[in-house]
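Hello,

I am passing on a structure that I would like you to look at alongside the notes below. Please open it first, and then read on slowly.

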Amino acid sequence: MRAYVSVFRLRLANGLQYRSAALAGIATQFFWGFIIIMVFQAFYAQAQSPPPLSLSLSQLITYVWLQQAFLSFIMLWFRDNELFQLITSGNIAYELCRPNGIYGFWYAKLLAQRLASAALRCFPILVVALFLPQPYRLVTPADPATFLLFVVTLTLGLLILVSISMLIYISTFITMSAAGSLLMFGVLGEFLAGVVIPIPLMPSWLKSIVYVLPFRLTADLPFRVYSGHIPKWQALELIPLQLLWLAALIGFGKYAMGKALRRVVVQGG
Amino acid sequence: MRLFGKYLLILFKSQMQYSTSFWLLSFGQFFIPFSVFAGLYFLFERFGQIQGWDFYEVALCFGVIHMAFAISECLGRGFDTFSGLVANGDFDRLLVRPRSTVLQVLGSKFEFTRIGRLLQSSMVLVWAVSRIDVDWTFAKAMTLLFMIVSGTCIFAGIFILMATMCFWTIQGLEISSIFTDGGREMAQYPLNIYQKWVTRFFTYVIPFGFVNYLPLLFILGRTEGNPLLYVLSPLAGCAFIVPCLLLWRFGVRRYRSTGS
């Protein structure tokens with residue numbers, strides 16, 4: 001366990017070095033946030049009566065800002081080229097020689113990378129969004145309990161997301177092509193997680209698909225808990241579901257990795 | 001021009017060496033705008049319209065902008081990755097050759113995988129054109145063509161502008177994605193749905209308004225006054241590339257090699 005922690009800390013320190021990139025990222029995300037909010041504003045201005053069971057505009061704006069702030073927690077396609085290169089160049093051999101499980105090792109790496117990126121970006125975005133003029137402002141959660149639930153679901157969501165992205169890396173062992181099909185997987189997963197349009201605005205047939213899959217537990221659930229769109233008791237019911245998915249995904253990931261490693265071909269060159 | 005054709009042929013051959021990866025990537029490139037378009041469709045299914053624009057009108061706008069973006073990304077990839085050329089000093093080699101630097105940078109990379117994106121946007125465009133409530137005339141068809149050309153020029157201009165910045169900063173600027181990706185995302189809706197400051201910026205500074213708003217009004221027959229003005233308005237977008245090229249030439253003259 002200590003080895004994983006130290007890998008995690010190294011990666012975190014490494015990620016925190018890229019401050020100017022983060023600054024540019026923040027500017028970009030503000031621009032995106034504004035554009036998305038304005039589009040939704042225009043849509044909402046036209047709706048005669050707000051559709052039932054749907055998000056209110058201020059809930060939606062909160063949703064958008066949280067998405068922008070925690071972008072690195074929700075993007076499936078946050079790739080670590082280093083890992084892909086390890087697999088395709090054959091340097092995986094060195095990784096296999098290390099005296100600890102490769103699954104946990106990579107998991108810690110990926111987790112730290114996302115955390116570092118989010119740590120640099122989320123606070124400036126959140127602080128500024130809290131003080132924006134009215135229609136654009138990020139509202140604070142209704143009470144401390146909601147905030148606590150938000151933190152818990154967000155953390156669990158992040159863990160689920162990393163375990164899903166681990167599956168992407170593992171599949172590289174089999175296909176040997178890093179991009180392509182994985183790109184599609186990423187796009188589809190993000191769509192099902194409500195990154196393109198929030199899940200409450202989807203048509204009902206699509207919602208019923210989305211609710212079966214784990215993707216929405218990563219990004220959609222915490223943000224809706226924060227804005228109060230998902231009531232507290234329901235959030236409490238969903239946390240065990242998150243834990244269940246997490247356990248299943250990690251279990252499957254470990255199994256698949258073990259299988260892939262047993263017949264791994266070290267690429268020469 | 002013949003030289004450019006040769007560049008393309010060689011790049012095409014080199015990309016075809018990895019043909020599975022090529023097809024997979026093209027396929028993936030097809031799905032990125034597809035998911036955005038699906039989102040757009042679902043939003044219209046729920047809300048019906050956006051400030052008086054209906055689904056097919058916005059789809060037309062979407063198709064034009066995404067097509068322009070795909071073409072310019074295909075062409076302008078060399079400028080997009082230009083910071084690499086400057087940082088490792090390879091740009092020196094281009095300078096000693098007896099051809100224009102713009103042509104050589106253009107020819108240095110060409111992303112054939114964007115064909116997926118191009119295919120998706122043309123499908124949207126065809127769908128929108130066939131379903132939209134417009135009686136097509138020659139002038140309107142020309143306007144549509146001008147819109148695509150003009151959009152391509154604007155995106156290409158932005159790529160060149162960002163590459164020019166590398167002469168001063170050496171490293172690439174991530175902020176440029178505001179104007180390329182952000183511009184694309186913004187321009188896929190007609191410009192008048194946004195707040196005033198956004199509209200102004202994207203009409204007078206970066207002339208997207210001349211691509212996706214004024215000519216669109218003409219195609220939909222919502223204009224008054226001289227139609228010729230609206231038909232030719234996309235040309236104002238094409239003019240955007242001129243100052244970009246001038247700035248590029250200025251940058252090349254100021255260039256100092258990193259020498260490594």
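A residue is called buried if 20 or more other C-beta atoms, placed from the backbone, lie within 10 Å of its own, exposed if 12 or fewer do, and partly exposed in between. By that rule, buried residues make up 43% of the 260 residues in chain B.

This is a predicted model, in which local features need pLDDT of at least 70 and side-chain atom pairs count only at pLDDT 80 or more, while totals for chains, interfaces and linings use all residues. Residues are numbered from 1 along each chain as its sequence is written, and chains are lettered from A and ligands numbered from 1 in the order in which they are written.

The mean pLDDT (the predictor's confidence in each residue, from 0 to 100) of chain B is 81, and 96% of its residues reach 70 or more. The model as a whole scores ipTM 0.78 and pTM 0.80.

Chain B holds 15 helices and zero strands, where helices (H or I, at least four residues) and strands (E, at least two) are DSSP runs numbered from the N terminus. Along its principal axes, the C-alpha trace of chain B spans about 60 × 40 × 35 Å.

Best wishes
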